Amino acid sequence: MAESGEKKPTGWLHTLVDYGPLLVFLGVYKFSQPEGGSEIAAVISGTGAFMVAAVIALAFSKWKFGKVSPMLILSTTLIIGFGALTIWLQDESFIQFKPTAIYLLFGAVLIIGWLRDRAWLQVLLEAAFEGVTHEGWLKLSRNWGFFFVFLAGLNEVMVRTMSFESWLWAKLWVFLPLTFLFTFTQIPMLLKHGLSLEDTDEVLKDEPPTG
């Protein structure tokens, strides 16, 4: 349950906070592409806009909902770090590795927590699905941990087999649907571990941010 003064994000606002910066990246990159010139200039422009948009999204989350989840803080920090390396070294491979780093970090934290009987997903999301047991949270943390490892591998495959622009669009049209589908598949398990039918929409709202 949210603390006093905090508001629960609606579904579309949650998605906007998570994917708004990526849309800004796509837009700036697309309109900055030189005709017949080097692509790196568009990558640098898009990366700079991505970094600014990520910080704005984090600040908006704090202003609108009264809190920022640790996962969003970590992902924004990595966006700034890898984005700065991309701009400084003028090498798009750093911003492309950023999602892999995020997925591997979150995956390792959740899997290690699960092995130690700690449901770190609940802590990182600052979420509380009413009625869900400790066992349910452990299983959810484990499942998300392995899913993040899968996403890390998928991102590396796409980086090596796609153009930069195709990879950017894949983040929107592949990773977003996959994440939503995976989140939806966790609902039956949570229902077996105490989640009420009325709270199933909270599961979709509180999905972790993805690179």
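1. Where pLDDT is low, the predicted coordinates should not be read in detail.

2. **Basis.** This is a predicted model, in which local features need pLDDT of at least 70 and side-chain atom pairs count only at pLDDT 80 or more, while totals for chains, interfaces and linings use all residues. Residues are numbered from 1 along each chain as its sequence is written, and side-chain values use heavy atoms, with hydrogens and water left out.

3. **Confidence elsewhere.** The chain averages a pLDDT of 84. A score of at least 70 is reached by 82% of the residues. Confidence is highest in helix α6 (residues 134–161), at a mean of 95. It is lowest in helix α9 (residues 200–205), with a mean of 64.

4. **Overall make-up.** The chain has 9 helices and 0 strands. Both are DSSP runs numbered from the N terminus: helices are H or I with at least four residues, strands are E with at least two. The pattern along the sequence is α-α-α-α-α-α-α-α-α. Of the 211 residues, 48% are buried. Buried means under 20% relative accessible area, exposed over 50%, and partly exposed in between, with a 1.4 Å probe and protein chains only. Among contacts with a separation of 6 or more, 71% join residues 24 or more positions apart.

5. **Main core.** A nonpolar core is a set of buried Ala, Val, Leu, Ile, Met, Phe, Trp, Tyr and Cys residues joined through side-chain atoms within 4.5 Å. The largest one holds 45 residues. Leu121, Leu140, Trp144, Phe148, Phe164 and Leu168 touch the most other members. At least two residues each come from α1 (11–32), α2 (40–65), α3 (70–89), α4 (93–115), α5 (120–125), α6, α7 (164–185) and α8 (187–192). The largest share, 10 residues, comes from α6. In soluble globular proteins, nonpolar side chains tend to be buried together.

6. **Second core.** A separate core of 5 residues is also present. Its members include Val17, Ala57, Phe65 and Leu72.

7. **Phe164 and Phe25.** Neighbours within four places in sequence are left aside here. Phe164 is in contact with Phe25, Tyr29, Glu39, Val43, Glu92, Ile95 and Gln96. Phe25 is in helix α1. Phe25 counts as buried because its relative accessibility is 1%. Its contacts are Val43, Gly46, Thr47, Phe50, Ile95, Phe164 and Leu168. The C-alpha atoms of Phe25 and Ile44 are separated by 9.9 Å, with the two residues 19 apart along the chain.

8. **Thr47.** This residue lies in helix α2. Its relative accessibility is 0%, so Thr47 counts as buried. Beyond four places in sequence, Thr47 is in contact with Phe25, Gly83, Thr86, Ile87 and Ile95.

9. **α3 against α4.** Two packed helices are described by the angle between their axes and the distance between the axes. Axes are lines fitted to C-alpha atoms, for helices over the stretch in contact, and angles run from 0 to 180 degrees between N-to-C directions. α3 and α4 pack at about 155°, with axes 9 Å apart. They are therefore roughly antiparallel. That term covers angles over 145 degrees; under 35 is roughly parallel, 65 to 115 roughly perpendicular and the rest oblique. The crossing is right-handed. A crossing is right-handed if the near helix is turned clockwise from the far one by less than a right angle, and left-handed if anticlockwise. On the α3 side the residues include Met71, Leu74, Leu78 and Phe82. Those they meet in α4 include Phe94, Ile95, Ala101 and Phe106.

10. **α4 against α6.** This pair also packs at an angle of about 155°, with axes 8 Å apart. That makes α4 roughly antiparallel to α6. The crossing is left-handed.

11. **Positive phi.** Two non-glycine residues deserve a look. Gln90 has phi near 50° and lies in the loop between α3 and α4. Gln90 is exposed, with a relative accessible area of 52%. Asp117 has a positive phi of about 65°. Asp117 is in the loop between α4 and α5 and counts as partly exposed at 46% relative accessibility.

Notes. pLDDT is the predictor's confidence in each residue, from 0 to 100. Contact means heavy atoms within 4.5 Å.
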